[in-house]
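Have the sequence and the 3D view open, and let's go through it topic by topic.

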Amino acid sequence: MAETDGATASVEPLSTPSTDATSVSATAKPPPETQESIWLRRSVIVSFWLVVVLLGLPVWWKTTAIYRAELPLETMGAWAESKVCQPAFPLKVAVEAPIPAQDAQHLLRDTQHSLDELNDFSAHRLSLLLADAPFVANASQQIVTDGIAVDVSHDEDIALSVRLVPVETGHTPRSLLQPYSPRLDVYYGPSQLPTAASTGSPLATYIAEELHKLFGEEQALLAHLLSKTPGPRAPVAKRLSSGIIAELEHRSTRALKYAPTYHLTFSLFTPINIPSDWDIESALQRYMSPFLDSLTGIHNFTIDTQVQLYSGYTPTVRPEFDEQSKSWTLRKEDLSGFINAAEWPLTPSIGAGPTVNFVLYVPDRSQSPLVVKETGGNSWLVPQWGGVVILNPTEADEAAPAIMTREALAPAMHTFSTQLMSLLGLPQSPGCLPLRISTLVRVRAASLLFSASSTLGALARLYNALPSIPIPDKVAKSVDLTTEHLQLACDSLKEGRFHSALEHARVAEAEAEKAFFERSMVGQVYFPDEHKVAVYLPLLGPVAVPLIMAALKELQTTIRNFKARRSS
Amino acid sequence: MLLLLLLSVFNAVIASVAPRSDYHERLLLRPLPQSALLASFNFRSNETSTAFEQQNFRHFPRSLGQILQHAHTKELHLRFSWGRWDADSWGQMPWNGAREGGTGVELWAWVEAGNEEEAFARWLTLTNALSGLFCASLNFVDATNTVRPVMSFRPEGDHTNASRLHLLHGSLPHEVVCTENLTPFLKLLPCKGKAGISSLLSGHKLFDASWQTMSIDVRPVCEKGGECSVEIEQGVDMALDIERSKRPQDNPIPRPLPISEIACDTSKRYNSHDSCFPLATTADPAWSLQDIFGRPLKGACPLTDTSPDLGYSVCINVPQERNITVHPEGQYSESRSTSPELRCYKPPRNTDFDLHLPSQALPTPLTHPTPPLFASRSINGHGQERGSIRAVIRNPSPTSSIEFSYLESLPWFMKPYLHTLRARIVGSPEDPVKEMYYRPAVDRKRGTHLELHMLLPPSSTLILTYDFDKAILRYTEYPPDANRGFDAPPAVIRVLASSETMGREQDRKGIYVRTTSLLLPLPTPDFSMPYNVIILTSTVMALAFGNIFNLLVRRFVGFDEVAGRGGLVGILRAKIQRLK
């Protein structure tokens, strides 16, 4: 209403001097604006700006915002820096002694004491406990064996059982480690038992030293693992010499990443057409199955085999003939290129889990024997991939057997199982397979724990570093599961339940990987904000220009008026 | 007829050989009219089913075996084909259509599963895995181009629990078959193209053929005694143009012969020293394996059976009078046991082997058996909105009527009207359709599945027509080459009633005829449209906003009341005034 009034008022003076408009133009002035119309114009501009700022911008913000679920960043960081969990490895060692309980307790206390003195790695502690076997005064070996076998099989968390056997003859004390059961037999003379009065006996010291030696490699492995993770761990870790560190480092780069299932592929390659068949089924049954069965608690295995004829090694590899040894030699540099990736059908098996390839290569008779130049050996290990064995045809079977027998395969199978051991990260000592496997359980549990924690840390860093990626709720859920299972794994470790620790660490690792590699997180990175602005610029530009100009002009007048009023 | 009998005898010989040998391969060469040559490669190997279950692979390729086990697939048929088989002049297909596919990629399989959802999930696993193995876009086989045929396919193998098997069929007519599919195909063979007939296969020649098809068939085979095995049969069939294949690799451009080398028709009145009407050559052209395939055969694959009466892996089907020279001389054995028109050779080991056929005029050319049916299919109509399909099927036999099933699997954006479906026999009021199975399409979910069971009387022609609508796709559903059109897969015709000449093996494999694929033009939008719309709308909105805003905010004053009126022009005018 006021606007129209102002307009008519301003038009009126125009009608009278219209005839000589050019001459009087310099003198004519618009009537002063009414306060009302100025106020109205300002309120129009302000209301437009309010709509833009209060409605437009929030709507724009809301509709183009990326959903980012809340992640417990601090907890994640704490796990990554190992502030939450201090893993410990309390090992239980059962001692079976055919002596009265009181004496046995005494011996135990002494041994424990000297064991603790020997130990310089506080996170890894052996604790002795007395196996409640029936006391047999005149113990014969059989009875004791029966008694302890039942007892130990009940508790899989008992790492080792020590059985004391009194003997009359021979050098004492001496010990014998059973190769296929976690048992250490210690033979002692009757005089070596500690008496109630004495502190420290040669037998106790001997047992402590033996135990310390047995678990030496495991301690080194764990200490090495701990030292690689960040956080306040320096006082816990024991000092390792640089030689040992290099050796452990070397071994860990060879070992495969932990997976619940491994697919083993055994392949026979030959550049010609013989041998065209092998008795692999019974060879595997005989040489591989026992070892694989003993690992069932940690890994599952699937096995497949294939025969590939007319498959030579990579053509660029050229063995040289060595006159001295009358053999064809491969240089060390050639070994890495030996696998003919272009032609050998070594595709990974279908299904979750990595594939371990074992290649048996039978060279052409014209190029045999084929050996490695530097060592004269015929097998090598490809880190994190598998192993290769060259099986040279022997002179005896000149008749070119089309089928390789189980006996002919035996040396290759032994090599393959050794290669599989190092690929799985099995420690090299002690000479008792169950002990090595239980060491593997602890090492794997710890390494999974650390790797899951560091994945969590990486996810937290990613969250902070890339504000433009969406984080779905699934990721938050996985992170929660991971931390929960990490805590459980850590508690299990501290309580000495290593199998359940491995189980929880495995779940935690899987969930952490799932969260980190969530597919929908990468989608929006390729659709930046600049792009959206560019598409809508034809709208935003023409709308923004009058709005800004009007606001500026109005501000200018206000300031000028204000100055004019001040000066007057 | 004689030749048909001969061919079936030949197939029977091969079939009887199969269980005894673990690996078997055969190449059949047969000259076709118009100086074409059919080369039919066949490779077959077995694996006992216990070894297959335990994943101990010997001749069976491990990669494929693992895929089949992972996807619970009991029987698999995969075809890669390109080109057109000219049935009118070449006659019957080499395997009666049982091993030849339609244009593009075709896949059907029997998947073991408890219910349909599970079967489909496993089917997707299978297609994705095969896509990786064969470097083909098989992963694009999804619900929209998968059908479950009811009549057209029967399992070839011996299955124990048939009730849990689900048949699924998918095809990709647009897929171009090329060298990257041949390389993995050759890798599956035990001799890998290094020895045996597979050493003749090269991408240059195979994909230069007028028609070629690669097939892989896996099926369980059980003997009467109960011993079961898994059989894989791989095949490559091609119709080569002899003249074209003989062009040297380094000079592949065809050039006219000098006039002195052409036989001219001197009876033409314009015949002179520089103009010539060439006479049709009656003689069969000269060729050798080296000419045709670019390389000789590199000796026999040693895995084939070595007993004296077996291992004849190269066969050539030519009239008795045709001269053939074999290289190297004396190191091969020849057999003509099955028929005088079929000569088979056992190539030597580790030595190149070649056949030379000189140019020769033959008194009696080879007769080619007529196929059981001739079929063609085309799209009629005009415009962007609707069209119609017309399929013409002809029974050439003067005596016997033919019963067949006709399977049509159409993409969802081609929407047929079933009430317009007309099937009539030319010159007869009889209705040929005996049974019909129809599953309508659901937009973006599944395609149309139409299966007809029809009977065609002797020497008659059937015309099948129906109308369809063309759907308009969403912006993102168009492929990059949208203006090329969309491919509709070939129709699959299976001859149902078995003729008396058909052996048991052929009966299991079936006799098939496939039409060509169709190119369907769909309305395609201008693909810059969304940006144009955004920009245009934005401009209109900005204009409207600017006007209203200015009306509300501007102050209107008299023309003469404006200080410094007229902007730049006004200032200039004032300066000029001052100068005056």
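This is a predicted model: local features need pLDDT of at least 70, side-chain atom pairs count only at pLDDT 80 or more; totals for chains, interfaces and linings use all residues.

Lys326(A) is exposed, because its relative accessible area of 53% is over the 50% cut-off. Lys326(A) sits in the loop between β9 and β10 (327-330) of chain A, and its phi is near 55 degrees, a positive value in a residue other than glycine.

- Some background first: most residues other than glycine have a negative phi, and most peptide bonds are trans.
- You'll find Tyr310(A) in the loop between β8 (300-308) and β9 (320-322) of chain A.
- Is Tyr310(A) buried or exposed? Tyr310(A) is buried, because its relative accessible area of 12% is under the 20% cut-off.
- Over in chain B, a cis peptide bond links His327(B) to Pro328(B), with omega at about -5 degrees.
- Pro328(B) belongs to the loop between β12 (325-327) and β13 (333-339) of chain B.

**Helix α4 of chain A**

- Which residues of helix α4 (residues 73-80) of chain A are buried? They are Met76(A), Gly77(A), Ala78(A), Trp79(A) and Ala80(A).
- The cover over these buried residues includes α13 (433-465) and α14 (473-495) of chain A.

**Annotated transmembrane regions**

- For chain A, an unreviewed UniProt entry lists residues 44-61 as a "transmembrane region".
- In the model, residues 44-61 of chain A are 100% helix and 0% strand, and the end C-alpha atoms of that stretch are 24 Å apart.
- For chain B, the "transmembrane region" listed by UniProt (unreviewed entry again) is residues 531-553.
- Residues 531-553 of chain B come out as 100% helix and 0% strand too, with 32 Å between the end C-alpha atoms.

**Chain A as a whole**

- Chain A contains 16 helices and 15 strands.
- It has 568 residues, and 44% of them count as buried.
- Take the contacts in chain A with a sequence separation of 6 or more: 77% of them are between residues 24 or more positions apart.
- The accessible surface of chain A is about 29200 Å², and carbon and sulfur atoms account for 61% of that.

**Chain B as a whole**

- How many helices and strands does chain B have? There are twelve helices and 26 strands.
- Chain B is more spread out than a compact globule, because its radius of gyration is 32 Å, well over the 25 Å that the globule rule gives for 580 residues.
- Along the principal axes, the C-alpha atoms of chain B fill a box of roughly 120 × 75 × 60 Å.
- Of its 580 residues, 51% count as buried.
- For contacts in chain B between residues at least 6 apart in sequence, 75% join residues at least 24 apart.
- Chain B exposes about 26800 Å², with 55% of it coming from carbon and sulfur atoms.
- On charge, chain B carries 60 positive and 60 negative side chains, and the centres of those two sets are 8 Å apart.

Terms used
Residues are numbered from 1 along each chain as its sequence is written. Chains are lettered from A and ligands numbered from 1 in the order in which they are written. Side-chain values use heavy atoms; hydrogens and water are left out. Helices (H or I, at least four residues) and strands (E, at least two) are DSSP runs, numbered from the N terminus. The radius of gyration is taken over C-alpha atoms; the globule rule is 2.2 Å times the number of residues to the power 0.38. Buried means under 20% relative accessible area, exposed over 50%, partly exposed in between (1.4 Å probe, protein chains only). Contact means heavy atoms within 4.5 Å. Accessible areas come from the Shrake-Rupley method with a 1.4 Å probe; for residues, only the protein chains shown count as cover. Lys and Arg count as positive and Asp and Glu as negative; His and the chain ends are not counted. The place of a charge is taken as NZ of Lys, CZ of Arg, CG of Asp or CD of Glu. UniProt positions are given in the numbering used here, feature names are shortened, and annotations may be inferred rather than shown by experiment.
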